[in-house]
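Subject: Structure handover

Hello,

Here is the structure I promised to pass on. Please open it first, then read my notes below.

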4 protein chains.
Amino acid sequence: MSKPRFGAGIWHFATYVDRYATDGYGPPVSLIEAIDKAGQVGELSVVDLNYPFVDPKLSLDAVEVALKRNNLGVIGITPEIYTREFAKGAFTNPDPGVRRRANELINDAANVVRRFGADYVKLWPGQDGWDYPFQVDHHKLWRMSMDGVGELASQNPDLKFVIEYKPREPRVHMSYDSVARTLLGIEKIGLPNIGILLDFGHSLYGGESPADAAQLAIDHGRLFGMDVNDNMRGWDDDMVAGTVHPIELFEFFHVLRKNKWDGVWQLDQFPFREDSVTAARMAIDFLKVIDRALDKLDFEALQAAQDRQDALEALRLAQAALYSSY
Amino acid sequence: MSKPRFGAGIWHFATYVDRYATDGYGPPVSLIEAIDKAGQVGELSVVDLNYPFVDPKLSLDAVEVALKRNNLGVIGITPEIYTREFAKGAFTNPDPGVRRRANELINDAANVVRRFGADYVKLWPGQDGWDYPFQVDHHKLWRMSMDGVGELASQNPDLKFVIEYKPREPRVHMSYDSVARTLLGIEKIGLPNIGILLDFGHSLYGGESPADAAQLAIDHGRLFGMDVNDNMRGWDDDMVAGTVHPIELFEFFHVLRKNKWDGVWQLDQFPFREDSVTAARMAIDFLKVIDRALDKLDFEALQAAQDRQDALEALRLAQAALYSSY
Amino acid sequence: MSKPRFGAGIWHFATYVDRYATDGYGPPVSLIEAIDKAGQVGELSVVDLNYPFVDPKLSLDAVEVALKRNNLGVIGITPEIYTREFAKGAFTNPDPGVRRRANELINDAANVVRRFGADYVKLWPGQDGWDYPFQVDHHKLWRMSMDGVGELASQNPDLKFVIEYKPREPRVHMSYDSVARTLLGIEKIGLPNIGILLDFGHSLYGGESPADAAQLAIDHGRLFGMDVNDNMRGWDDDMVAGTVHPIELFEFFHVLRKNKWDGVWQLDQFPFREDSVTAARMAIDFLKVIDRALDKLDFEALQAAQDRQDALEALRLAQAALYSSY
Amino acid sequence: MSKPRFGAGIWHFATYVDRYATDGYGPPVSLIEAIDKAGQVGELSVVDLNYPFVDPKLSLDAVEVALKRNNLGVIGITPEIYTREFAKGAFTNPDPGVRRRANELINDAANVVRRFGADYVKLWPGQDGWDYPFQVDHHKLWRMSMDGVGELASQNPDLKFVIEYKPREPRVHMSYDSVARTLLGIEKIGLPNIGILLDFGHSLYGGESPADAAQLAIDHGRLFGMDVNDNMRGWDDDMVAGTVHPIELFEFFHVLRKNKWDGVWQLDQFPFREDSVTAARMAIDFLKVIDRALDKLDFEALQAAQDRQDALEALRLAQAALYSSY
């Protein structure tokens with residue numbers, strides 16, 4: 001195999017607020033500064049950019065200059081459909097005017113995808129869902145979830161749209177909550193240019209096996225992208241990849257290699273209290289451990305063990321490869 | 001609406017073992033005794049029977065006599081595809097001979113369905129799945145999960161098969177783990193006589209909204225049955241329905257009534273340390289509270305609140321109905 | 001029993017940001033506006049105030065005027081030991097200078113407690129803990145957690161300090177994570193003026209029985225305060241009290257009444273997408289349902305059932321009282 | 001450091017039943033056979049024995065012979081206080097007669113401890129707790145939990161008693177549910193011969209950091225024993241140690257070595273569908289990886305990183321040691 005290409009969501013290099021540290025976990029970082037930090041990692045080929053930019057005066061040309069000097073391409077554009085205006089949803093907002101503006105914003109983002117020659121528009125409908133029992137008509141809500149995405153895909157047949165599902169947060173329950181629900185919706189919509197961006201951590205804390213989720217999306221021809229991080233299985237902690245669940249991360253990449261999936265290995269981490277450049281390097285260092293372990297792993301013997309569903313032999317092979325690949 | 005008909009899995013009236021109390025939570029109860037206990041509840045119209053019977057000498061005729069004297073019909077037959085022989089799976093067992101025997105056993109159960117005029121064969125593939133990372137080839141496992149069910153449905157086009165999905169237990173992860181995954185599989189199989197039996201507790205502890213899950217299954221035309229119980233959201237505790245999560249149970253039944261779903265309200269409870277007849281009556285007493293609350297609930301006002309996604313008003317209406325219906 | 005007095009954290013009436021809706025879930029609300037909203041609820045006797053105030057020019061006198069015109073007293077002061085400066089901890093910050101400033105800030109808050117005649121300084125050390133395996137020396141961290149609180153209690157023997165424990169958020173793991181850990185620390189510190197503020201939701205999502213947690217704190221003479229809300233058992237959702245888990249809320253208040261605990265019934269809710277005044281009223285309406293249900297509940301019969309550990313009879317009594325008290 | 005000594009609960013080598021596979025996950029294994037299997041592992045020095053033996057005719061002498069020929073000592077005796085008779089609790093059973101029989105059974109077990117020169121009587125009160133809200137009087141229940149253990153420790157001042165806490169199962173909630181609760185109870189009882197047996201998996205799925213739990217028990221002078229296994233953080237899966245959460249297992253052993261804790265490294269695994277001897281060897285192979293990694297780990301540099309709470313540097317050191325120690 002050729003070496004993996006690495007990428008990151010540009011927010012990895014921002015600072016964050018939450019409901020307690022409302023003054024932020026550090027001084028604000030501008031988009032240009034964040035791009036320069038991404039460059040400092042020295043390992044990244046592409047980034048995913050939020051749109052619109054925090055600074056509305058920042059031009060696409062200025063962003064392009066910053067990207068070029070850091071040798072960074074753009075893999076995707078993530079329209080911000082989860083800010084105040086969309087607090088009650090983008091595709092499923094009860095107000096049709098807000099749904100319309102979400103559609104317009106995403107169409108704008110689609111143009112930025114074209115401008116940068118990116119791979120896809122990334123849809124992360126974090127505010128689409130519900131909080132309370134009895135709050136929504138589940139039939140209508142799911143209908144709107146599918147219609148909103150389907151309309152975009154129809155309007156932009158030349159582009160790919162990826163849905164990044166997640167169980168919850170900020171909504172107590174998100175509509176696109178799992179790999180199976182998202183595939184069910186995509187199959188119902190029935191358009192070829194809608195796929196899944198599989199976030200390892202979302203899958204993990206949703207109780208899925210990320211390896212199984214990846215295989216399912218691949219089997220449906222819908223694994224258009226992925227990113228990695230880690231968590232404690234109960235929340236989307238967006239910790240540094242590999243620091244808590246290395247075995248399941250290894251299994252995830254094993255499935256990707258076995259299926260000859262050759263997309264970018266992206267990071268979606270939120271290093272609240274850590275240096276963002278160091279956090280990215282640390283994750284990539286571990287991803288290289290995994291890459292070496294995959295080179296060492298005896299795929300044939302593993303397949304034979306899996307065909308017998310022999311957990312102990314399968315894990316013995318995996319451990320032998322992983323714990324000798326630092 | 002007419003009054004609901006109640007049912008129960010016959011195991012509700014058995015005694016249980018687990019990995020600690022290997023001598024059981026009480027003296028063994030024979031199937032005939034369990035049927036008589038079901039009759040003592042005084043509220044049940046139908047039962048779901050495991051097959052084969054624990055006592056291999058017990059005849060179908062003897063069972064029928066016991067059912068008749070208790071005025072009980074049979075809603076479904078649950079073949080025991082989760083005992084020692086199937087410890088590594090029924091549909092997905094690595095041994096093709098075991099897969100064959102699972103098929104034969106379920107075909108036998110299909111004949112019992114015909115014999116008793118029951119509604120369906122219930123498939124609960126609790127041993128089909130995996131325990132460890134790296135243990136299985138997820139592509140093959142899911143393929144076998146679908147093939148096993150599809151073969152049965154093809155062999156018995158006159159009967160309905162229902163899949164009771166569940167996140168886990170006894171397997172660490174079950175193949176049919178969620179409503180969306182199960183629907184995705186059913187749609188792929190593509191036969192009309194496969195549906196879902198939605199267990200409220202499985203849905204709840206899987207992180208679903210049971211009301212949303214019911215709506216989704218209905219929208220796909222696949223809600224063939226359901227049963228209720230309760231738990232602490234982290235495990236399939238099979239506690240008495242309504243004792244812990246009455247609001248979500250109420251929302252679940254609201255969705256059923258709104259969609260004019262008129263199947264049996266079944267119990268799937270495991271009263272380990274309680275009297276089983278009392279536990280069934282207590283659940284049914286609360287289901288009657290819910291039924292009265294549904295009669296009181298202002299469906300139009302609720303729909304209007306849900307169309308605005310107004311959680312507080314929707315819940316106010318639900319609370320007003322529920323807390324005055326004892 | 002006399003009627004309960006109600007209170008609320010003043011943040012209930014603010015607007016919120018999170019890591020996604022960084023522009024907030026609504027326009028900012030000043031402290032004075034928040035106090036006026038608290039007054040509009042028409043049911044609140046006291047509020048808990050964050051300190052320092054968001055607007056540093058706001059005087060204590062101005063706050064007092066606003067409180068008076070809304071007939072509100074102050075039950076506690078919550079020093080903001082979880083903002084940027086304290087992102088790596090207040091009591092356990094690795095920087096002794098930051099620990100010193102935390103101590104000073106809380107001593108300032110103690111003076112505000114005296115100024116308003118409030119009941120306690122509330123310590124919510126949300127940033128004290130760890131995120132990653134291997135990150136901290138657990139011996140030293142816990143030592144610092146106890147020392148920081150003990151120093152404050154020694155410096156201010158005339159005042160009460162309450163610790164509001166919580167499993168996690170914003171830290172991946174908080175030092176004061178549970179009722180038992182907090183009591184263990186308090187007993188070790190060994191001072192009489194440190195107690196617990198029991199947040200129902202923190203207890204619930206930490207896997208405790210809030211009723212058991214309350215009893216334990218009472219038995220140690222340390223239940224100095226409490227507040228209520230609701231969640232889905234997996235996160236501190238701070239939803240409207242009673243909307244999801246009414247039974248456990250009822251059991252919690254049963255324990256309080258049985259022990260003749262007569263403190264304020266406070267709200268700690270974050271109505272991100274709801275009107276804050278309506279959300280407070282809705283919670284209080286339900287707390288009144290519970291209060292009426294407690295009046296109806298047969299305490300003697302319940303005690304007899306509990307002495308037999310007869311879950312079904314105990315719950316039957318609870319249901320009879322609760323579902324007829326709207 | 002000298003090399004670790006390994007041990008195992010003898011049940012590791014039994015077969016299991018659960019509520020579904022009531023015919024067991026394999027043919028029954030006698031105690032003598034289980035001891036011979038323990039011997040076949042070739043790495044075990046001690047075992048923990050359940051008492052009374054399944055076969056009541058089996059003599060202590062016969063057991064001793066089997067142990068000797070396998071070079072096995074006895075580390076502890078686990079009285080079976082969780083079978084049918086104790087289904088509603090041992091120490092907290094509502095029936096005083098059952099509580100008395102529990103005391104007698106454990107006193108019998110104490111004599112077996114003396115007979116074999118074992119280290120302790122192990123108390124695992126899995127049936128002591130509650131299932132439902134409102135079921136118990138929490139004050140009385142906790143009182144009985146402490147009194148039952150305290151009485152035993154007073155009756156047998158020459159012996160050590162260890163409490164193995166666990167969040168739940170088979171009870172929906174166990175009284176001794178966490179390290180802090182158990183320490184709080186032990187301190188209240190106030191006797192020197194009661195300690196904790198820390199099960200890594202119980203700690204993990206209870207939301208604790210096992211490393212922190214170990215440190216806390218050590219700081220209270222109460223870490224009398226430990227055992228390891230793994231799970232998916234949501235249930236006591238008793239999987240092979242190290243297969244899912246190697247990092248936290250490594251941190252756990254780092255804390256033990258740092259504190260010079262030199263007890264036995266025990267296994268508490270339930271290999272339902274795996275060969276038990278292979279499962280034990282696989283765990284021990286990984287524990288040896290950890291032991292080598294501890295030899296390599298730079299304790300001083302790690303302490304410096306922890307003193308700064310520098311998660312990334314601390315983890316870098318841990319990863320460097322672990323992933324090169326196969």
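Are Phe252(D) and Phe253(D) buried or exposed? Both Phe252(D) and Phe253(D) are buried. Buried means under 20% relative accessible area, exposed means over 50%, and partly exposed lies in between (1.4 Å probe, protein chains only).

Some ground rules before the rest. This is a predicted model, in which local features need pLDDT of at least 70, side-chain atom pairs count only at pLDDT 80 or more, and totals for chains, interfaces and linings use all residues. Residues are numbered from 1 along each chain as its sequence is written, chains are lettered from A and ligands numbered from 1 in the order in which they are written, and side-chain values use heavy atoms, with hydrogens and water left out.

**Aromatic rings**

A pair of aromatic rings is described by the distance of the centres and the angle of the planes. Here, rings of Phe, Tyr and Trp (its six-membered ring) pair if their centres lie within 6.5 Å; planes under 30 degrees apart count as stacked, over 60 as edge-to-face, and the rest as tilted. Over all chains, the structure holds 72 aromatic pairs. One of them joins Phe252(A) to Phe253(A). It is edge-to-face, with 5.4 Å centre to centre and 75° between the planes. Phe252(A) and Phe253(A) are buried. In chain D, Phe252(D) and Phe253(D) also form an edge-to-face pair, at 5.4 Å and 75°.

Look next for a cluster. Tyr16(A), Tyr25(A), Tyr82(A), Trp124(A), Phe270(A), Phe272(A) and Tyr20(C) form one aromatic cluster.

Charges meet rings too. A charge sits over a ring if NZ of Lys or CZ of Arg is within 6 Å of the ring centre and within 35 degrees of the ring normal. The charged end of Lys160(A) sits over the ring of Phe224(A), 5.1 Å from its centre. Arg19(B) places its charged end over the ring of Phe270(D), 4.3 Å from the centre.

**Chains A and B**

How many residues of chain A are in contact with chain B? The count is 50, and they meet 50 residues of chain B. Contact means heavy atoms within 4.5 Å. The two chains bury about 4300 Å² between them, 59% of it on carbon and sulfur atoms. Buried area is the accessible area (1.4 Å probe) that two parts lose on being put together, summed over both. Phe134(A), Leu184(A) and Gln309(A) supply 21% of the area that chain A buries against chain B, more than any other three residues.

Chains A and B share 6 salt bridges. A salt bridge is a side-chain nitrogen of Lys or Arg within 4 Å of a carboxyl oxygen of Asp or Glu. Arg181(B) forms a salt bridge with Asp212(A), the closest N and O atoms being 2.9 Å apart.

**Chains C and D**

This contact takes 50 residues from chain D and 50 residues from chain C. About 4300 Å² is buried between chain D and chain C, 59% of it on carbon and sulfur atoms. Across their interface there are 6 salt bridges. Asp307(D) forms a salt bridge with Lys140(C), with 3.1 Å between the closest N and O atoms.

The same surface serves both copies: 100% of the contact residues of chain D recur in chain C.

Best wishes
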